[in-house]
Amino acid sequence: MLRDITIGQYYPADSVIHKLDPRVKLFATLLFVISLFTFQNLAGFAVATAFLILFIKLSKVPFLYMVKGLRAIVIILTITALFNLFLTPGEILVEFWIFSVTKEGLLSAVKMTVRLIYLILGTSVVTLTTTPNALTDGLEKALRPLNAIKIPVHEIAMMMSIALRFIPILVEETDKIRKAQIARGADFESGNLIKKAKNMVPLLVPLFVSAFRRANDLAMAMEARCYHGGSGRTKMKPLKYQRRDRMAYLVVVVYFAGMLAVRIFL
């Protein structure tokens, strides 16, 4: 399951989405996430589904490669669906013991599950089609106006970039430590919940030690290269909008306007 985590990984391909300015993709992702929690009817689901399918198709990232990232959050999806299913009041459909399934709860569980799936897929497209460096540059440039109120935009963007880079590294490190501990006789599967939690100690302690060691090495490397933040730094490849970026902005705005129209009139 650790290998199924796709967040933070980059999938190289020659596609329109890969060539877009990272600021466009960040803006599109923001509007897409907002739109996911505005629609309440089937028409809204249809519009969001069509937009997501188009986004994935143009990215040229294999759909199965993208979907496998959902396997890592199956537990979160299940818990969310169950909470909505059993804790939403309304017209009772099925009742057993202290639990009751309502019509409103069933609809809420389906909607929330679909929204979370679309949320993960939409954000995965951005990280899979954008290198960490480009994502950092796009985020820094998009948030540059905040420098006027003394917000350290460059440092925030740098921290997010480092965090994204560390996700696949830590996943691989966790997998190695787990296999090494299993070879030494560790058992991560058997026992009740409390025992399983205790069995995770031989995995978590080396992982934290490794993470702190990597963080310290990275800090020393940045200091050795005289890194002092973003003040006065120039870009090797400065971001410039192209015609395709303006067209992408137009498509995203039209999509969001369509979602608002669906919510208002339907």
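Valine 110 is found in helix α6. Helices (H or I, at least four residues) and strands (E, at least two) are DSSP runs, numbered from the N terminus. The model is predicted: local features need pLDDT of at least 70, side-chain atom pairs count only at pLDDT 80 or more, and totals for chains, interfaces and linings use all residues. Residues are numbered from 1 along each chain as its sequence is written, and side-chain values use heavy atoms, without hydrogens and water.

Valine 110 is partly exposed, because its relative accessible area is 46%. Buried means under 20%, exposed over 50%, and partly exposed in between (1.4 Å probe, protein chains only). Val110 belongs to a nonpolar patch on the surface, together with Leu93, Val94, Phe96, Trp97, Ile98, Phe99 and Leu106. The patch has about 840 Å² of accessible area. β1 (92-96) and α6 (103-129) each supply at least two of its residues. β1 gives the most, with 3 residues.

Asparagine 84 lies in helix α5 (residues 74-87). Asparagine 84 is buried, with a relative accessible area of 17%. Its side chain makes a polar contact of 2.8 Å with the side chain of serine 108. Leaving aside neighbours within four places in sequence, asparagine 84 is in contact (heavy atoms within 4.5 Å) with Gly105, Ser108, Ala109 and Met112.

Arginine 165 is placed in helix α8 (residues 153-183). This residue is partly exposed, at 37% relative accessible area. Arginine 165 touches Pro132 and Asn133, not counting residues up to four places away in sequence. Its C-alpha atom is separated by 20 Å from that of lysine 141, 24 residues apart along the chain.

Technical notes. Patches are made of residues with over 30% relative accessible area and no salt bridge: like charges are joined within 9 Å, nonpolar side chains (Val, Leu, Ile, Met, Phe, Trp, Tyr) within 5 Å. Accessible areas come from the Shrake-Rupley method with a 1.4 Å probe; for residues, only the protein chains shown count as cover. A salt bridge is a side-chain nitrogen of Lys or Arg within 4 Å of a carboxyl oxygen of Asp or Glu. A polar contact is a pair of N or O atoms within 3.5 Å; within protein, one must be able to donate a hydrogen and the other to accept it, and residues adjacent in sequence count only if both atoms are side-chain atoms.
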